[in-house]
Amino acid sequence: MQNIKGTYDYFGREQAIRQNVRTTLQELFELYGFESMDTTLLNELELLTSKYAGGDEILREMYQLADQGGRRLGLRYDLTIPFAKVIAMNPGIEFPYRRYEIGKVFRDGPVKKGRLREFLQCDADVVGIAGPQAEAELMQLAAEVFRRLEIPVVLKWNNRRFLGEILGAVGVPPEEQLSVMLTLDKLAKIGSEGVLAELTDKQLTADTVQRIAELLTLNNPGFGQLVEKYKLDGQPGALEVLALQQLIDAIGLGAVCVFDAFLSRGLSFYTGTVYEIFDASGSYTSSLGGGGRYDAIIGKLVGRDDIVYPTVGISFGMESIMALLGERPADTADRSGVLIIPIGGYLPQALVAAAALRASGIRTGVDTGSRKLKKTLAAASAKGIRYVIMVGESEAAEGKLRLKDMTLGSERLVTVGEAARLTAG
């Protein structure tokens, strides 16, 4: 008996950390005005394999199946396409619309650290805002998420339209630009030599490859440097970058959100801003999250290119975040609440007391009372439980409980109401 490769069960300390991360994300999603959504795991294969969906690499990794009626189905490989389906199917939704979803997705791809076959995605998307406001808010959200998780990050961002304008300026024909972008996106992994080697296999002239090589020699080129070099002032993509950069600087995110002219992300449906989040120390190289603007997807999915659904989203990678947090101690002390120990045959009294504490919102566990008291107290201390309540013959006779503060080492007889008040803090 074993788990399928790339799938895991979570419990104990690891699950406690995962739940803390999930709670942090959910609290911030709602704080930023996002509405919860739960989309379907099963979807029509035609939807998931649409040319406007995930791209060739993801489609190769999709789990496909059929139901008893012979319908071709697939398990969702992300939360974006099912979300786009919801928007397309419900024209009465009022825009701008903000939603978040935390749910499992499935990909039959290579398994490595931070990348599984069954994993949790945590997405937030905004539909109905065409300008840079939505991107800026999602960047604020990302910065706050990782601040609360105490993970220093850098959010690298670019604009696919602007990158297309640069490629056009160096001679890349429109039909080859997406392919070239995806190669440039590998720069950090395969280096400039690897990028240029891959570019020679594309439908590009020797002069264009040489001009791209010159572009790659620029050391972290800034937006202004690129606009001046390639005479892009006033171009639509350049204006989008300028507007977002001004907003980023105005809200104080310039140190976290860094422009990267070669970032394009691997998904083919992004139309404007794209971003990816990385560990600022560089010790963990995989992405911690990412996203971008995909204005064309929803309209194309429903065959209505004439309807504009300006949309931008961000996704946080739970498995990558957990890979970074995995060595940290789980903060379970504030989650452990109270443990009630029945001594002798006083389980009914213990259960009545537990019900009263739970009714007051206090996390309460009831021990079996089968072990020696000394061992039970030691186990409670090891779990970070501060308060232990004991009820035995003498306590029951007085209609009270014995409350022990494990931190202070003190004991006192209290009523149920007093126990609730003292342990609530």
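This is a predicted model: local features need pLDDT of at least 70, side-chain atom pairs count only at pLDDT 80 or more; totals for chains, interfaces and linings use all residues.
Residues are numbered from 1 along each chain as its sequence is written, and side-chain values use heavy atoms, with hydrogens and water left out.

Trainee: What is the order of the strands in the open sheet of five strands?
Mentor: Helices (H or I, at least four residues) and strands (E, at least two) are DSSP runs, numbered from the N terminus. Two strands pair if DSSP finds at least two bridges between them. Pairing in this open sheet is mixed, and its five strands follow the order β13-β12-β14-β15-β16.

Trainee: Which strands stand at the edges of that sheet?
Mentor: An edge strand here has a single partner strand, so one of its sides is left without a neighbour in the sheet.

Trainee: How many degrees does the twist average from one strand to the next?
Mentor: Axes are lines fitted to C-alpha atoms, for helices over the stretch in contact, and angles run from 0 to 180 degrees between N-to-C directions. From each strand to the next, the twist averages 25 degrees.

Trainee: What is the bridge partner of M390 in β15?
Mentor: Start with strands β14 (residues 387-391) and β15 (residues 401-405), which run antiparallel and are joined by four bridges. In β15, M390 has as its bridge partner R402.

Trainee: Which helix packs on the sheet, touching β12, β14 and β15?
Mentor: Contact means heavy atoms within 4.5 Å. The helix touching these strands has a direction that makes about 170 degrees with that of β12 (338-342). The helix covers residues 373-382, and its name is α15.

Trainee: Which helix lies across β12, β14, β15 and β16?
Mentor: Look for a helix running at about 140 degrees to β16. Residues 416-423 make up this helix, which is α17.

Trainee: How many of the residues of β12 are buried?
Mentor: Buried means under 20% relative accessible area, exposed over 50%, partly exposed in between (1.4 Å probe, protein chains only). Both faces of β12 are covered, with V338, I340 and P342 buried on one side and L339 and I341 buried on the other. The strand is therefore largely enclosed by the rest of the structure, and its buried count is five of the five.

Trainee: In β13, what is the bridge partner of I340?
Mentor: β12 and β13 pair in the parallel sense, over three bridges. I340 has a bridge partner in β13, and that residue is V366.

Trainee: Is N158 buried or exposed?
Mentor: N158 has its place in strand β7 (residues 153-159). Among the residues N158 touches are L163, F259, D260 and V274. With a relative accessible area of 0%, N158 is buried.

Trainee: How far apart in space are N158 and F259, C-alpha to C-alpha?
Mentor: In sequence they are 101 residues apart. In space, C-alpha to C-alpha, the value is 5.8 Å.

Trainee: In β10, what is the bridge partner of I277?
Mentor: Strand β9 (residues 273-279) has seven of its seven residues buried. β9 pairs antiparallel with β7 over seven bridges, and there L155 stands opposite I277. β9 also pairs antiparallel with strand β10 (residues 289-293), over four bridges. In β10, the bridge partner of I277 is G289.

Trainee: Which backbone oxygen does the side chain of R293 reach at 3.2 Å?
Mentor: R293 lies in strand β10 and counts as buried at 3% relative accessibility. A polar atom of its side chain lies 2.9 Å from the backbone oxygen of I129. At 3.2 Å, the R293 side chain reaches the backbone oxygen of G131.

Trainee: How many of the 10 residues of helix α4 are buried?
Mentor: Helix α4 spans residues 80-89, and its buried residues include T80, F83 and I87. What covers them includes β5 (97-106), β6 (118-127) and α12 (297-301).

Trainee: At roughly how many degrees do the axes of helix α7 and helix α8 cross?
Mentor: Helix α7 covers residues 174-184 and helix α8 residues 187-199, and their axes come within 8 Å. The axes cross at roughly 140 degrees.

Methods
A polar contact is a pair of N or O atoms within 3.5 Å; within protein, one must be able to donate a hydrogen and the other to accept it, and residues adjacent in sequence count only if both atoms are side-chain atoms. Lists of a residue's contacts leave out its neighbours within four places in sequence.
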